[in-house]
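Have the viewer open as you read.

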Amino acid sequence: MIKEMVHRLREMLLFLFLAIFSKATGVQAYSRGGVIQESAAYCLSWRLAVEANNVRAWRTVPTQCLRYVETYMLGGQYGRDLDLIVDQILSYVNEIAPSSDGMDAWILDVDDTCISNVFYYRGKRYGCDPYDPAGFRAWALKGGCPAIPAVLGLFGYLVQSGFKVFLVTGRDQETLGQVTIDNLHIQGFIGYERIILRTAEFIGQSAVAYKSEIRRQLEKEGYRIWGNVGDQWSDLQGECLGNRTFKLPNPMYFVP
């Protein structure tokens with residue numbers, strides 16, 4: 001009898017704790033001991049909605065998802081997701097027979113497509129802190145972004161297969177041009193046709209408008225864009241998108 005009363009008291013106290021925690025954090029507690037599971041479940045749903053572009057113009061990662069995003073980025077799942085996507089890209093590449101005129105092209109974004117900023121964003125709580133332009137510029141000027149292995153492998157395969165690879169980035173040409181080129185070279189991105197950075201005429205334009213114009217110019221030069229790869233939807237929206245687009249995962253930030 002006493003044991004049963006103690007058990008019920010524990011249940012009541014646990015339920016009360018979960019209710020208070022839920023109200024304070026916004027995490028709904030559906031079952032005993034389910035707070036952590038519910039938080040992870042919410043963050044998984046949030047990430048999938050972000051990747052599907054159903055959540056738009058978000059400014060920061062939800063604070064309750066900090067550890068989830070950290071685990072996703074560093075715990076192996078991010079790498080496995082990249083490997084699967086790159087396998088799909090390679091399957092598509094192998095269906096294409098490049099022409100002898102040298103005008104078959106691919107476009108790759110740079111930040112968090114070719115090279116990773118995950119160590120910078122670790123200091124920004126994996127996107128839970130607001131975007132810091134000055135902080136990111138200081139990070140980029142160090143030239144220490146590591147290559148994303150799966151994409152480096154894809155890049156090399158495209159070059160060896162006879163495609164002209166264009167690296168198109170929103171980084172500012174005047175302040176970050178040379179350090180970005182050097183960073184890419186050190187990390188093994190050698191043999192691309194051209195790297196295109198944001199010049200003064202595009203300052204203030206959205207990523208969609210800027211990258212659409214760059215692709216339009218490439219098509220005017222006669223290039224056939226077979227594929228376009230980026231971690232942001234703004235890399236893959238707008239005009240002159242190419243034959244196929246491929247979205248890489250990035251739950252840390254959103255570029256409009």
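Is C114 buried or exposed? C114 is buried, with a relative accessible area of 0%; buried means under 20%, exposed over 50% and partly exposed in between, using a 1.4 Å probe and protein chains only.

## Ground rules

This is a predicted model, where local features need pLDDT of at least 70 and side-chain atom pairs count only at pLDDT 80 or more, while totals for chains, interfaces and linings use all residues. Residues are numbered from 1 along each chain as its sequence is written, and side-chain values use heavy atoms, leaving out hydrogens and water.

## The cysteines

Searching the whole structure turns up one disulfide, meaning a pair of cysteine sulfur atoms within 2.5 Å. The partners are C43 and C65, with sulfur atoms 2.1 Å apart. They tie together distant parts of the chain: C43 sits in helix α2 and C65 in the loop between α2 and α3, 22 residues apart. Helices here are DSSP runs of H or I, at least four residues, and strands are runs of E, at least two, numbered from the N terminus.

The link is left-handed, at -95° about the S-S bond, and both C43 and C65 are buried. What about C128? Its closest cysteine sulfur, in C65, is 7.4 Å away, so that is too far for a bond. C128 is buried too, at 6% relative accessible area.

## The sheet

Five strands make an open, parallel sheet in the order β3-β2-β1-β4-β5; strands pair if DSSP finds at least two bridges between them. At the edges, β3 and β5 each pair on one side only. Strands β2 and β3 share four bridges.
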